[in-house]
Amino acid sequence: MQQDKWDFYQDNNGEWRWRRTATNGNIVGASSEGYKQRANALSNAEHYGYNNKFNPTGKWEIYQDARSRWRWRHTAANGKIIGKSSQGYVEKVSCLHNAAVHGYKD
């Protein structure tokens, strides 16, 4: 069984980010911010399953955006968004599935 691909890269500001790509080529997750150190980007990715680790603490929100697409966001205890869906979904169940891939438990 093929696994999702995880990419770690530096953005235009020189900060580290991550992106998770499904086997069908769709981006199914991405860091919501850049990190000065690569280790911090790796740690953030582990919250969402990188290296088969999950640490989904904090608040999860499933909502509809301005285009009526379903999205999720994950907020830390300090109110900072630490993860979010990289796309909107027509069906709520698809959004919930994507959130579950990243550690969401209903």
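Buried means under 20% relative accessible area, exposed over 50%, and partly exposed in between, using a 1.4 Å probe and protein chains only. This is a predicted model, in which local features need pLDDT of at least 70, side-chain atom pairs count only at pLDDT 80 or more, and totals for chains, interfaces and linings use all residues. Residues are numbered from 1 along each chain as its sequence is written, and side-chain values use heavy atoms, with hydrogens and water left out. The protein chain has two helices and six strands. Their order from the N terminus is β-β-β-α-β-β-β-α. Helices (H or I, at least four residues) and strands (E, at least two) are DSSP runs, numbered from the N terminus.

**Overall dimensions**

- The radius of gyration of the protein chain is 13 Å, which agrees with the value near 13 Å for a compact globule of 106 residues. It is taken over C-alpha atoms, and the globule rule is 2.2 Å times the number of residues to the power 0.38.
- Along the principal axes, the C-alpha atoms fill a box of roughly 35 × 35 × 25 Å.
- Of the 106 residues, 38% count as buried.
- The accessible surface is about 6,700 Å², and carbon and sulfur atoms hold 44% of that surface. Areas come from the Shrake-Rupley method with a 1.4 Å probe; for residues, only the protein chains shown count as cover.
- Among contacts (heavy atoms within 4.5 Å) with a separation of 6 or more, 34% join residues 24 or more positions apart.

**Nonpolar core**

- The largest nonpolar core has 17 residues. Such a core is a set of buried Ala, Val, Leu, Ile, Met, Phe, Trp, Tyr and Cys residues joined through side-chain atoms within 4.5 Å.
- Trp6, Phe8, Trp18, Ala45, Tyr48, Trp60 and Trp72 have the most contacts inside this core.
- Two or more core residues come from each of strand S1 (5-10), strand S2 (16-21), helix H1 (38-46), strand S5 (70-75) and helix H2 (92-101).
- Beyond its neighbours within four places in sequence, Trp60 touches Tyr48, Trp72, Arg73, His74, Ala99, His102, Gly103 and Tyr104.

**Helix H2**

- Cys95, Asn98 and Ala99 are buried in H2. They lie on the same side of H2, because they cover an arc of only 100 degrees around the axis. The arc is that of the directions from the helix axis to the C-beta atoms.
- Val93 and His97 are exposed on the other side of H2.
- The packing partners of the buried H2 residues are strand S3 (27-30), strand S4 (59-64) and S5.
- Gly103 follows H2 and has a positive phi, near 110 degrees.

**Salt bridges**

- There are seven salt bridges in the structure. Each is a side-chain nitrogen of Lys or Arg within 4 Å of a carboxyl oxygen of Asp or Glu.
- Asp11 pairs with Arg17, with the closest N and O atoms 2.9 Å apart. Asp11 is buried at 17% relative accessibility, whereas Arg17 is partly exposed at 22%.
- Asp65 pairs with Arg71 at 2.9 Å, N to O. Asp65 is buried at 19%, and Arg71 is partly exposed at 22%.
- Asp7 and Lys5 form a salt bridge at 3.7 Å, N to O. Asp7 is partly exposed at 21%.

**A positive phi in a loop**

- Ser68 sits in the loop between S4 and S5.
- Its phi is near 65 degrees, a positive value in a residue other than glycine.
- Ser68 is partly exposed, with 47% relative accessibility.
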